[in-house]
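Here are some notes to go with your first look at this one. Have the structure open as you read, and take the points in order.

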Amino acid sequence: MPMNQRKSLLLVVLYTLFLVITGCNDSKAMSLQKQFGNNFYYFMGLKYLQEGQQDDALAQFKKGVKKSDDFFAEKCLESLCQLASENEGKILAQELAKKFPSNDNRLKLERLLYDAEEYEQLLAIAENELFKGLVAEEQPAESMYLRLLALEKAGKQGFAGEIEDWFFQSPITSFHKKYFDSQKGTLFPSLFSEEMQQCLKLRVAVYQRDYGQAFNLVAEILQAQEEPSQWLMQQPEELLSDIGKTFLYGTNQLAEAAQFLDEAAGKISENEPGFVAFYLNFYAARLYDKGLGTGNKKALEKFLAAMEAADTPAKYDNALWYYFSTQLKIAPSEAETAMKEYIHTIHDATYYSDFFETLILRYFTGRNWSGVLKNLILIRDYATQEVVSQYAYLAGRLVQQGLVDLKNFSVADLQSIIDSKAEEAVIEEEAAEAGGGKDLTLQDAVARGLFSIAYGAGGELYYRLLAATQLDYSPAVVRQSLYQTKVLEEFVPDANLETLLEGFMVFDLPDYIYPVWKENFQKISLELAQRAASFLSLYGIHQYEAQGIRLMSNAIFHADTQTTREMYQLAYPRLYSQEIATAATDYNLPEYLIYGLIRSESFFDADVSSHAGAVGLAQLMPATAGDIARKLKIEDFDLQDPATSVNFGSFYLAELIGRLDNSIIDALYSYNAGITNVRKWKRMFPDLPPDLTVELIPFTETRNYGKKIVSASAVYGDLYFEIPHKAIVEKILFGK
């Protein structure tokens, strides 16, 4: 047996022993054949492929097709299709589509038939009973693209209706554009009227975001109509939506466009589909808002009309989001009034998170401190826990600073806050001890209640850490409760997908693990995600290590069971420990801070480059790295070399700390946004403590950047250096 095969077999045996030792699979040693049953053949086929032994792989996949469970038999057949010659692949694709009818398998067959110029067979697929039960909306755009090409190649007539349905009943894709470009000067003029061709051009123009061309097309079409409003109401939903976007982005005559859509909406009869009233009112509202100034009343009226006409929860949330945002342009108080009336009607709380973040920025820039607490009381039962934790912490700090007059709040609301307690009993006990049994002032009691709300499971880690610091929870209590999350209800893992991931690990097939998990994470248990992350993180290759970190970092927030410190150690590993230890010593920086920086910048992927051009572990721009190299008197350097990137990034951070009066938090924000910006932001509100000042940073990405590093640093300090979270938070944020 070749050396590489012996190595692979050894890895399989070792991992199987690991499963046995750790109690997996009922702590029983079993052969791989017994462990996976006849699904074993799929993994062996992949393993042989990895070793370059295609004939052996084909033999395994063929056995799997005959003997494996349906899920794995389908995967074996898919693999055979990919490996086969053109003629054999066509036969296998037909077998795949017949045995396992799905839109994806249908598309695989259609591709092969089109390439083989067997157009009649391709066209016959649409009439096959096997595929008639599939959901048409899930059919890939490429499938219809191939069918239309085949219709033309086969000399068929009378398929204009199929083209029309495809272009007007579904979102435009690259395949629509490709087909349009190939047919606009030949087939289309023979099939469609001039008006229809203009509508087709319009849809493609909007897809390309060429709103100027789109507007010219809309104007020509409408000018040719005797009753433009009636024509508008007769259009399919996708086209009507595109026309609305065209008016919004394709002309400066916003008020006129708004009035036209508004008047058309006023002529809608009861017989019109609900989407007609929604889109006419929605885009009229957006045009009024954009063209007639802040908080235009007509815009607000039209958003309400769109909400009333919305025929799906997503459309309703879209209109309501704009209604809230338009009110906020007038004043936060107007947004509050709107929320009091409609907050209970929202469907998807996550849809509004950015609105609530914008609102809190308005509160801070306007020094409307009481508004933060007022809005928390309003949204507490309707916003996401992440939003609630932010509002609760900031409200607590503002109360603590004496910036909120509690006399403006009802006794019932304040009592509800005071009575708030963290879910864990040990936290409640700790809170009582921290209170010292003494009578608290109203201000202190409300602040503590708000911090308790902020610390609740499922909240944003940054604000939970800060809340624990303010509550003065002991390190033991924080360690026990901080890594808790809100457990998913009624979670049922997909047994086939879990077996698939298990097999990838056992058979040493790391390339497949992260893509499958990423596509199906909502169906994978946290326990298996932990094992997959561990497997990748211990592999010793940058790509897999970074994938393991990303996998576990996401998995702990989509958990069917409570998370553990061990899981967090996988999400926050100590890679490049020697390089980081050396840099920490050389530049007098805490190791946990460098770990937090590197993890937040690159997830420890030494080969990563950003869209802006930042390179390596510390994500430095080449120009910045050049300046650092000159200061360090280094002539030649490679930013993708881990030691160089860690060294340069640590030097740069230490230099920024020194230039900013030893403020670590200011240095972190300068690392991301530049020292000039940070100094400007600080001058805006010199009287606020640092944890409140950071909320004034006008850019969301930059604002969240520092919070991520504070959180990561605190976790690293606790997991590996036995430094309490509180000590790290206070050092980074407050310089203590």
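1. Does Tyr42 count as buried or exposed? Keep in mind as you look that this is a predicted model. Tyr42 has a relative accessibility of 7%, and because the cut-off for buried is under 20%, Tyr42 counts as buried. Phe43 is buried as well, with a relative accessible area of 0%.

2. Tyr42 and Phe43 form an aromatic pair, with 5.6 Å from centre to centre. Their planes are at 65°, and the pair is edge-to-face because the angle is over 60 degrees. Searching the whole structure turns up 56 aromatic pairs.

3. For a contrasting geometry, go to Tyr568 and Tyr572. Here the planes are at 5° and the ring centres lie 6.0 Å apart, so this pair is stacked. Tyr568 and Tyr572 are both buried.

4. Back to Tyr42 and Phe43: which aromatic cluster do they belong to? It also takes in Phe36, Phe40, Tyr41, Phe61, Phe71 and Phe72, along with Phe504, Phe507 and Tyr512.

5. Over the ring of Tyr572 sits the charged end of Arg599, 3.8 Å from the ring centre. Tyr572 is also the stacked partner of Tyr568. Elsewhere, Arg574 lies over the face of Phe721, and the distance to the ring centre is 5.7 Å.

6. What about empty space inside? Rolling a probe the size of a water molecule over the atoms shows where such space is left. A search of the whole structure finds one cavity of 30 Å³ or more, and the largest cavity holds about 30 Å³ of space.

7. Which residues line the largest cavity? They are Phe180, Lys184, Phe188, Gln197, Leu200 and Lys201. Sorted by class, the lining has three nonpolar residues, two charged and one polar. Helix H13, residues 194-207, gives the largest share of the lining, with three residues.

8. Helix H13 deserves a look of its own.

Notes
Residues numbered from 1 in each chain as written. Predicted model: local features only at pLDDT ≥ 70, side-chain atom pairs only at ≥ 80, totals over all residues. Heavy atoms only, no water. Phe/Tyr/Trp six-rings, centres within 6.5 Å; stacked < 30°, edge-to-face > 60°. Buried < 20%, exposed > 50% of the residue type's maximum accessible area, 1.4 Å probe, protein only. Lys NZ or Arg CZ within 6 Å of the ring centre and 35° of its normal. 1 Å grid on protein atoms, 1.4 Å probe; cavity = no way out; pocket = protein on both sides within 12 Å on 5 of 7 lines; lining within 4 Å. Points joined across faces, edges and corners; volume = space filled by probe spheres on them. Helix = DSSP H or I, 4+ residues; strand = E, 2+ residues; numbered from the N terminus. Nonpolar A, V, L, I, M, F, W, Y, C, P; charged D, E, K, R; others polar.
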